[in-house]
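Thank you all for making time this morning. I would like to walk you through one structure, so please have a look at it first.

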Amino acid sequence: MWVRPRTAAGATVAADVRFRAGTYDGRVTQDEATPRTGKRVLLAKPRGYCAGVDRAVQTVQEALKLYGAPIYVRKQIVHNKHVVQTLEAQGAIFVEENEEVPAGATVIFSAHGVAPEVYEQAKARSLKAIDATCPLVTKVHHEAKRFAAEDYDILLIGHEGHEEVIGTSGEAPEHIQLVDGPDAADQITVRDPNKVVWLSQTTLSVDETLETVARLKKRLPMLQSPPSDDICYATSNRQHVVKQIAPDCDVVIVVGSRNSSNSVRLVEVALDAGARAGHLIDFAHEIDDAWLAGARTVGVTSGASVPEDLVQDVLAYLAARGFGDVEEITTANERLTFSLPQELKRDMRAAAAARG
Ligand code: 2E5
Ligand code: F3S
């Protein structure tokens, strides 16, 4: 049955998008999947906002409501152009470092986490700090602190220069070495090969990380694994569904920003899994019609920092070019939510009590 899709806000999408939902049970057959124009979209689910992004964006919005504009945010709250522009329009001021925040003002730390020295700098400037670090990033910080306290060498698999890696490394710089990909594994040296553990950034390619770990284990057979997966549920779920649809796609369009690690990974995963082409775009108008020339099946997904409205814009754009038949391929249903940071909740409760 064809049903109209609904956006997160409850609005229907363009009338010429025909949409149906299904769970993935192997390849979609041509007969089922290419009705009407013979052109179709396979829409990945899960896609878009994860629980940590939802919480971080809400944190900024609630802080704006509670304390009034401007609210300072250290680094992009999440790595998405549209989210940052929207929050700026609502009164958020994004800065690179605490020194740019006026003494005594409120600063929110981004979802990617910060090193302990960033809290200390904020304290020294009497800033009111609200920590929007995703709890699943905080979990990796705790692991790093724990293994460092036990004097382990920690091999942190991640991308050099990424904010999350900088924040996690800052928990125990003297114990942590970065391993940026499988080739880097061959260069690692440790103090005691019997006391070494690997941890990782939350948004890596699952398959590439397995390869990096295998390469590390060849040289360090006693290497220990994290107590639980550091690559988060949202990263692995988005990669899993894109892997399922990619072999059937002439082109996969991933909505996400260039500095969004998890979004960039989705393009790589799609190509590795057999998509003939893959593109990362921030906005529908960036689609080049040449990408669609001769294509019958277009895959669509979005990174964990991407609002659903941007995906709906892409579907409307594709529908206007004959790709109006949309099948949503679901491989997992996500229900996780995180509560707002304690420091914000406390002030929200106090404000509610003062209003009576
Ligand atoms: C915090 C992990 O994928 P990225 O790490 O570059 O970040 P993002 O903002 O695109 O995605 C959300 C997020 C936030 C992922 N830690
Ligand atoms: Fe957190 Fe993973 Fe999202 S680490 S912010 S749940 S992509």
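What you see is a predicted model, in which local features need pLDDT of at least 70, side-chain atom pairs count only at pLDDT 80 or more, and totals for chains, interfaces and linings use all residues. Residues are numbered from 1 along each chain as its sequence is written, while chains are lettered from A and ligands numbered from 1 in the order in which they are written.

Let me begin with ligand 1, which has 18 residues around it, and of these Val78, Ser260, Ser261, Asn262 and Ser305 come nearest; a residue counts as near if its C-beta atom, placed from the backbone, lies within 6 Å of the molecule. Two or more residues of this shell come from each of α2 (51-67) and α9 (261-272), and α9 gives the most, with 3 residues. Helices here are DSSP runs of H or I with at least four residues, and strands are runs of E with at least two, numbered from the N terminus. By type, the shell around ligand 1 divides into 6 nonpolar, 11 polar and 1 charged, where Ala, Val, Leu, Ile, Met, Phe, Trp, Tyr, Cys and Pro count as nonpolar, Asp, Glu, Lys and Arg as charged, and the others, Gly among them, as polar.

Turning to ligand 2, we find 15 residues surrounding it, the closest being Cys50, Gly52, Cys134, Thr202 and Cys232. The elements giving two or more residues to this shell are α2, α5 (135-149) and α8 (233-245), and the largest share, 3 residues, is that of α2. This shell holds 10 nonpolar residues, 5 polar and no charged.

Next comes an open sheet of 4 strands, in the order β4-β3-β5-β6 with parallel pairing, where two strands pair if DSSP finds at least two bridges between them.
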